[in-house]
Amino acid sequence: MINAYAAKEPGGKLEAYDYDPGELGQYEVEIEVESCGLCHSDISMLDNEWGLTEYPFVPGHEVIGRVAKTGSQVTTLEKGQRVGLGWHSSYCDKCNTCLEGDHNLCGSAQMTIAGRHGGFADRVRAQATAVIPLPDSINPDVAGPLFCGGITVFNPLTEFNIPPTAKVGVIGIGGLGHIALQFLNAWGCEVTAFTSSEEKQKEAKELGAHHVLDSRSDKALEDAAGRFDLIISTVNVKLNWDDYIATLAPKGRLHFVGATLEPLDIGVFGLIMGQRSVSGSPVGSPATIKKMLEFAALHNIEPVTETFGFDDINSAIERLRDGKAHYRIVLKHDK
């Protein structure tokens with residue numbers, strides 16, 4: 001039996017929940033969970049905001065732990081190896097998308113917290129392809145958020161071949177944005193943080209921003225016209241997107257990684273006249289996650305985290321709901 005924490009209804013409190021995972025699949029591994037990040041996506045799924053949630057619902061998709069069991073056909077991972085598991089727990093490994101290395105875009109990819117139980121548990125299972133070894137030089141106590149928030153903001157750098165000379169803006173300095181600043185600075189870019197919080201301006205520079213732009217100021221946005229090669233939006237709220245598109249250089253890109261639920265209200269002429277683009281992306285492929293971890297290890301990049309015990313899981317959820325988390329929350333088992 002696997003001992004987990006589950007909600008029985010939308011928005012419900014997480015309670016102890018045991019389930020029988022059945023026989024381990026031949027291409028699966030079972031991970032003994034050491035810690036697991038708490039992400040806004042866990043709360044969206046808990047509340048069934050996306051209409052995907054099945055109850056009882058076990059959240060958790062930023063897992064760090066050690067391989068406890070391996071299926072008979074698993075050759076890439078070994079028992080006792082420290083690993084991470086993120087948003088996806090399996091892929092078809094047969095479609096052209098998978099064969100080209102873009103597993104994260106596989107139409108049959110299965111989410112770790114949809115259609116199966118996630119990592120808020122003592123153990124969790126996943127296909128070996130989706131489980132990535134953690135470099136020894138990365139601190140496992142804070143590494144969980146790299147497997148969702150981290151790869152989400154790293155993926156565009158490789159997907160769009162962003163050069164180190166690029167001028168890049170980041171909208172929203174929170175759970176995603178604070179990691180993006182670190183990656184972009186280490187990548188070599190000239191980094192600007194868009195934030196409406198005076199409290200975050202100093203910390204944004206400490207995290208890697210060369211400049212901070214007050215996103216509440218119309219004049220500041222006007223003065224930045226034509227500046228950025230790339231803007232990464234990490235927020236989930238509606239903004240005046242035309243104002244941000246106007247800050248893009250010719251051929252610049254406004255890229256969404258934050259799940260803004262409202263339709264984008266964008267004037268087409270701002271795109272046409274500057275040959276600009278609007279795009280979005282999910283998490284990265286296993287190969288890109290591996291590359292991200294190597295990059296993070298090389299440049300000592302870590303998420304800023306707060307730690308809670310699993311026995312205090314509902315308090316952690318309320319802190320994240322209230323917007324008080326700084327910047328990511330990691331849940332740990334007492335051992």
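This is a predicted model: local features need pLDDT of at least 70, side-chain atom pairs count only at pLDDT 80 or more; totals for chains, interfaces and linings use all residues.

Just after helix α4, Gly188 takes a positive phi of about 110°.

**Helix α4**

- Of the 11 residues of α4, 8 are buried, so the helix is largely enclosed by the rest of the structure.
- Those buried residues are Gly177, His178, Ile179, Ala180, Leu181, Gln182, Phe183 and Leu184.
- The cover over them includes the helices α3 (149-159), α5 (198-207) and α9 (286-299), along with β10, β11 and β17 (328-332).
- As a reminder, an α-helix has 3.6 residues a turn, so residues three or four places apart point the same way.

**Strand β10 and its partners**

- Strand β10 (residues 167-171) has 4 of its 5 residues buried, so it too is largely enclosed by the rest of the structure.
- Strand β11 (residues 190-195) pairs with β10 in the parallel sense, over 5 bridges.
- In this pairing, Lys167 stands opposite Glu190 of β11.
- β10 also pairs with strand β13 (residues 228-233), again in the parallel sense, over 4 bridges.
- Here Val168 is found opposite Leu230 of β13.

**Strand β3 and its partners**

- Strand β3 (residues 28-38) is mostly covered, with 10 of its 11 residues buried.
- An antiparallel pairing over 5 bridges links β3 to strand β8 (residues 123-127), and in it Glu28 stands opposite Gln127.
- β3 and strand β4 (residues 63-70) also run antiparallel and are joined by 7 bridges; Arg66 in β4 is the bridge partner of Glu32.
- β17, which is part of the cover over α4, pairs with β3 in the antiparallel sense over 4 bridges, and its Val330 is the bridge partner of Gly37.
- In a regular strand, side chains alternate between the two faces of the sheet.

**A cavity**

- How many cavities of 30 Å³ or more are there? The count comes to 1.
- The largest cavity has a volume of about 40 Å³.
- Its lining consists of Gly86, Trp87, His88, Tyr91, Ala130, Phe147, Val283, Gly284 and Ile289.
- The lining of the largest cavity divides into 6 nonpolar residues, 3 polar ones and no charged ones.

Conventions:
Residues are numbered from 1 along each chain as its sequence is written. Side-chain values use heavy atoms; hydrogens and water are left out. Buried means under 20% relative accessible area, exposed over 50%, partly exposed in between (1.4 Å probe, protein chains only). Helices (H or I, at least four residues) and strands (E, at least two) are DSSP runs, numbered from the N terminus. Two strands pair if DSSP finds at least two bridges between them. On a 1 Å grid over the protein atoms alone, a cavity is a set of points where a 1.4 Å probe fits but cannot get out, and a pocket is an open set with protein on both sides within 12 Å along at least five of seven lines; lining residues have an atom within 4 Å of a point. Grid points are joined across faces, edges and corners, and a volume is the space filled by probe spheres set on the points. Ala, Val, Leu, Ile, Met, Phe, Trp, Tyr, Cys and Pro count as nonpolar, Asp, Glu, Lys and Arg as charged, and the others, Gly among them, as polar. Contact means heavy atoms within 4.5 Å.
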